[in-house]
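Thanks for coming. I will take a few minutes on one model and go through its helices, its cores and its metal site.

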Amino acid sequence: MRILFLGLDNAGKTTILKKLNDEDIGDISPTLGFNIKTLIRDGYTLNIWDVGGQRTLRPYWRNYFESTDAVVWVVDSSDRMRMGDCQSELKGLLKEERLAGATLLVFANKQDLEGSMTLEEIRDALDLRSILSHRWIVHPCSAYTGKGLEEGMTWLIKEVAGRLYWSGIQTPTQPTIPTAQVINPVS
Ligand SMILES: Nc1nc2c(ncn2[C@@H]2O[C@H](COP(=O)(O)OP(=O)(O)OP(=O)(O)O)[C@@H](O)[C@H]2O)c(=O)[nH]1
Ligand SMILES: [Mg+2]
């Protein structure tokens, strides 16, 4: 599975990946290009691309869209000031044709910080309910403690695996199965 980690700078993308890979998370600098990491989960090989999120780097995100099975959108839940920016970048991303079939996992990261936004606040701030074009979920986590990370990835892998299976048994003349279903884990 090819998975793309995106989000604003400082969201915690690289830290999450290192934590998932049992690496030291003590000394991480902003990503100026990209990192690629291969993880094995639930019998699948995950090729994960972690791309820098600074404003000047965002135009390069499109270079990584091809053949993407899933997007993990990482949010700094303590960064209330930039939620508007975060929402518009995400909405722009979901308009991309090459990401049309991708499943979306929104990681509400940094839940360990006092005063960080709740899942409901993030869902509203990012207007996630309006996303009808992709299967999505928003999941709380902390890259520092590791809480929530494996659960989020497990959901994602299951979703993608199900979709790959169905597309594998389609004949070329059959229409594509629509993916416009909203997953709302809260209600
Ligand atoms: N408290 C707390 N801090 C975190 C968490 N995850 C990441 N951080 C911190 O947030 C800062 C940014 O983390 P990065 O992993 O570099 O963020 P990034 O999304 O990769 O940023 P770019 O590479 O610039 O796009 C670092 O100082 C991390 O230590 C978390 O869950 N809790
Ligand atoms: Mg990074």
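A word on terms before I start: buried means under 20% relative accessible area, exposed means over 50%, and partly exposed is in between, with a 1.4 Å probe and protein chains only. Helices (H or I, at least four residues) and strands (E, at least two) are DSSP runs, numbered from the N terminus.

This is a predicted model, where local features need pLDDT of at least 70 and side-chain atom pairs count only at pLDDT 80 or more, while totals for chains, interfaces and linings use all residues. Residues are numbered from 1 along each chain as its sequence is written, chains are lettered from A and ligands numbered from 1 in the order in which they are written, and side-chain values use heavy atoms, with hydrogens and water left out.

Start with helix 1, residues 13–20. Six of its eight residues are buried: Lys13, Thr14, Thr15, Ile16, Leu17 and Leu20. After the helix comes Asp22, with a positive phi near 60°.

Next, the metal. Which protein atoms are donors to the magnesium ion, ligand 2? They are OG1 of Thr14 and OG1 of Thr31, lying 2.1 Å from the ion. Thr14 is in helix 1 and Thr31 in the loop between helix 1 and strand 2 (34–41), 17 residues apart. Both threonines are buried. Donors here are N, O and S atoms within 2.8 Å of the metal (3.2 Å for Na, K and Ca); water is not among the atoms, so the site may look incomplete.

Two other residues have positive phi without being glycine. Asn10, in the loop between strand 1 and helix 1, has phi near 75°. Asn10 counts as exposed because its relative accessibility is 56%. Lys110, in the loop between strand 5 and helix 3, has phi near 65°. Lys110 counts as buried because its relative accessibility is 18%.

Now the cores. A nonpolar core is a set of buried Ala, Val, Leu, Ile, Met, Phe, Trp, Tyr and Cys residues joined through side-chain atoms within 4.5 Å. The largest has 29 residues, and Trp73, Leu93 and Leu104 have the most contacts inside it. Among the elements giving two or more residues to this core are strand 4 (70–76), helix 2 (83–94) and strand 5 (103–109). Helix 2 gives the most, with five residues.

Leaving out residues up to four places away in sequence, Leu93 touches Leu6, Trp61, Phe65, Val71, Trp73 and Leu99; contact means heavy atoms within 4.5 Å. A second, separate core has 25 residues, including Ile48, Cys141, Met153 and Trp155.
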